[in-house]
Amino acid sequence: VRLVLLVLLVRLVRLVLLVLLVRLVRLVLLVRLVRLVRLAAGRDVAYLEVLSKEGVPLEQIGLDGLQGRDLALGRTEASDLQLDHVSISRKHAVLSIRCGDAFEVTDLGSNHGTRVDGVALVPNMSMTLSDRSELVFGGMGKSYVLRVAAEAEAPVVELTAAQKELAEILERNKLREGEMERERKEKLLADKAEAIRIKEAEARAAERAEHKRKRQLQKEKEARASGRPLKSQMTYRERQLDPNDPNAKWCDFSH
């Protein structure tokens, strides 16, 4: 009977896992379908329009397909968007592209700063951008205007309760994994700090021992030069009667 129950339980677990897997695949395919429909409907079409100092359009920099990425802006060739100007720092700013038509820009403490619609950004603090936000980096004459087209609305696809529940489970698991990774990094940092503290304490102890050894050697050298024994080698009577020791009691041991 127990064997039969065990076999039934295993089959039930397999069936539940199979159902969850099928729902997960359906959810992934549904998300991809929604993205394709939105792109076909003309939504999520974003780009940076480069304007001259006189406001003449020079070029367009496409931002489609970069959701979830952080674009590095700077003077070096390693930057995702190279800004060739003497006032631009090597790592000047970061343009973050979030899902859902959300854009953020962060100045990385550059020498000549970053302005959004004429307002200077606080270093290392993000500012949310909207359609037609104008960005000026350093002392460049050119400006970069964010364009987000949304002429057509995509059809709304409703998720079933099971799909919503599965999406919430996946999101919770992702948050839990992120929390565990953060705790692991904090533990590694704490262990490294503790190892450094122990190493420094051992180094200080070794230094004190070496200093004590040198002092002892110096005392032995001075004792040999003066022809008198070390205090540590004297008997109690000799230490009490030592005329070179100001703390000697000079007790009378004749009685």
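# Notes on a predicted single-chain model

1. The protein chain has three helices and eleven strands, where helices (H or I, at least four residues) and strands (E, at least two) are DSSP runs numbered from the N terminus. Starting at the N terminus, the elements run α-β-β-β-β-β-β-β-β-β-β-β-α-α.

2. Some ground rules before you dig in. This is a predicted model, in which local features need pLDDT of at least 70 and side-chain atom pairs count only at pLDDT 80 or more, while totals for chains, interfaces and linings use all residues. Residues are numbered from 1 along each chain as its sequence is written, and side-chain values use heavy atoms, with hydrogens and water left out.

3. Now the overall numbers. Of the 255 residues in the protein chain, 24% count as buried; buried means under 20% relative accessible area, exposed over 50%, and partly exposed in between (1.4 Å probe, protein chains only). The accessible surface of the chain is about 19000 Å², and 57% of that belongs to carbon and sulfur atoms. These areas come from the Shrake-Rupley method with a 1.4 Å probe, and for residues only the protein chains shown count as cover. Taking contacts between residues at least 6 apart in sequence, 39% join residues at least 24 apart; contact here means heavy atoms within 4.5 Å.

4. Which residues touch the most other members of the largest nonpolar core? They are Leu63, Phe137 and Tyr144, in a core of 25 residues. A nonpolar core is a set of buried Ala, Val, Leu, Ile, Met, Phe, Trp, Tyr and Cys residues joined through side-chain atoms within 4.5 Å. The elements giving two or more residues to this core are strand 1 (43-51), strand 3 (69-74), strand 5 (93-98), strand 6 (102-107), strand 10 (134-137) and strand 11 (143-150).

5. Setting aside neighbours within four places in sequence, Phe137 is in contact with Leu73, Leu83, Ile88, His92, Ala93, Gly113, Thr114 and Tyr144. Phe137 and Tyr144 are both buried. The count of aromatic pairs comes to one, and Phe137 and Tyr144 form it edge-to-face, at 5.6 Å centre to centre with 65° between the planes. For this, rings of Phe, Tyr and Trp (its six-membered ring) pair if their centres lie within 6.5 Å; planes under 30 degrees apart count as stacked, over 60 as edge-to-face and the rest as tilted.

6. On to charges: the whole structure has seven salt bridges, meaning a side-chain nitrogen of Lys or Arg within 4 Å of a carboxyl oxygen of Asp or Glu. One of them joins Arg147 to Glu49, with the closest N and O atoms 2.9 Å apart. That pair links distant parts of the chain, Arg147 being in strand 11 and Glu49 in strand 1, 98 residues apart. Are these two residues buried or exposed? Both Arg147 and Glu49 are buried.

7. Another salt bridge brings together the side chains of Asp80 and Arg69 (3.7 Å, N to O). Asp80 lies in the loop between strand 3 and strand 4 (81-82) while Arg69 is in strand 3, so the pair ties together parts eleven residues apart in sequence. Asp80 is partly exposed at 43% relative accessibility, and Arg69 is partly exposed at 38%.

8. Lys187 and Asp191 also meet in a salt bridge, at 3.1 Å from N to O. They are four residues apart in helix 2 (residues 161-226), so about one helical turn separates them. Lys187 is exposed, with a relative accessible area of 54%, whereas Asp191 is partly exposed at 39%.

9. Check Ser87 too, in the loop between strand 4 and strand 5. Its relative accessible area is 7%, so Ser87 is buried. A polar contact of 2.7 Å joins the side chains of Ser87 and His85; the term covers a pair of N or O atoms within 3.5 Å, and within protein one must be able to donate a hydrogen and the other to accept it, with residues adjacent in sequence counting only if both atoms are side-chain atoms. A polar atom of the Ser87 side chain also lies 2.7 Å from the backbone nitrogen of Gly139.

10. Finally, two backbone angles. Most residues other than glycine have a negative phi. Asp117, in the loop between strand 7 (114-116) and strand 8 (119-120), has a positive phi near 55°. Asn124, in the loop between strand 8 and strand 9 (126-129), has a positive phi of about 65°. Asp117 is partly exposed at 47%, and Asn124 is exposed at 56%.
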